[in-house]
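Dear colleague,

I am passing on the structure that we spoke about, together with some notes on what was found in it. Please look through it first and then read on.

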Amino acid sequence: QVQLVESGGGLVQAGGSLRLSCAASGSIFSMNAMAWYRQTPGKQRELVADISSGGSTNVRDSVKGRFTISRDNAKNTVYLQMNSLKPEDTAVYYCKAEAISNYGFRSVYWGQGTQVTVSS
């Protein structure tokens, strides 16, 4: 089993910055793609950014130039650096990871979510 634990959310004023972290632990043989999603009440969860095991990234247009995704493969951790935050970035942010366990099973795992609130 693989667990994802997120941290770094909180309340920040518009224009401020936050850095989210998501650490994976458990019976991990290898980590493949990792990603950050966000969700607001009444809306579908949306992809914010993802990163392959080799470091290739994809960032949604609305956060390009403000958000950066990165990962530390040695720590099985993915980060989301969020700068120039706007009130519309307010959401619960979820980490997602594709992993192969020590038992050879490939599965998708989700974190519990961390609240990001940007005040105007």
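Throughout these notes, buried means under 20% relative accessible area, exposed means over 50%, and partly exposed lies in between, with a 1.4 Å probe and protein chains only. This is a predicted model, in which local features need pLDDT of at least 70 and side-chain atom pairs count only at pLDDT 80 or more, while totals for chains, interfaces and linings use all residues. Residues are numbered from 1 along each chain as its sequence is written, and side-chain values use heavy atoms, with hydrogens and water left out.

Salt bridges

With a salt bridge taken as a side-chain nitrogen of Lys or Arg within 4 Å of a carboxyl oxygen of Asp or Glu, the structure holds 5 of them. One of these joins K64 to D61, with the closest N and O atoms 3.2 Å apart, and both K64 and D61 are exposed. Another links R66 and D89, whose closest N and O atoms are 2.7 Å apart. Strands, here and below, are DSSP runs of E with at least two residues, numbered from the N terminus. Because R66 lies in the loop between β6 (57-59) and β7 while D89 lies in the loop between β8 and β9 (91-101), this pair ties together parts that are 23 residues apart in sequence. Both R66 and D89 are buried, and salt bridges that share partners join R38, E46, R60, R66 and D89 into one network.

From C-alpha to C-alpha, E88 and N58 are 20 Å apart in space, and they are 30 residues apart in sequence.

The sheet

Counting two strands as paired if DSSP finds at least two bridges between them, 4 strands form an open sheet in the order β1-β3-β8-β7, with antiparallel pairing. Since β1 (2-7) and β7 (67-72) stand at the edges with a single partner strand each, one side of each is left without a neighbour in the sheet. Inside the sheet, strand β3 (residues 18-26) and strand β8 (residues 77-82) run antiparallel and are joined by 6 bridges, and C22 stands opposite V78 in β8.

S21 also has its place in strand β3 and counts as buried at 17% relative accessibility. If contact means heavy atoms within 4.5 Å, then S21, leaving aside its neighbours within four places in sequence, is in contact with V5, E6, S7, W36, V78 and Y79.

The nonpolar core

A nonpolar core is here a set of buried Ala, Val, Leu, Ile, Met, Phe, Trp, Tyr and Cys residues joined through side-chain atoms within 4.5 Å. The largest one has 30 residues, of which W36, L80, M82 and Y93 touch the most other members. The elements that give two or more residues to this core are β1, β3, β4 (28-39), β5 (46-51), β7, β8, β9 and β11 (114-119), and the largest share, 5 residues, comes from β9. Leaving aside neighbours within four places in sequence, Y93 has contacts that include L20, W36, V48, F67, L80, M82 and V116, and R38 is also among them.

With best wishes
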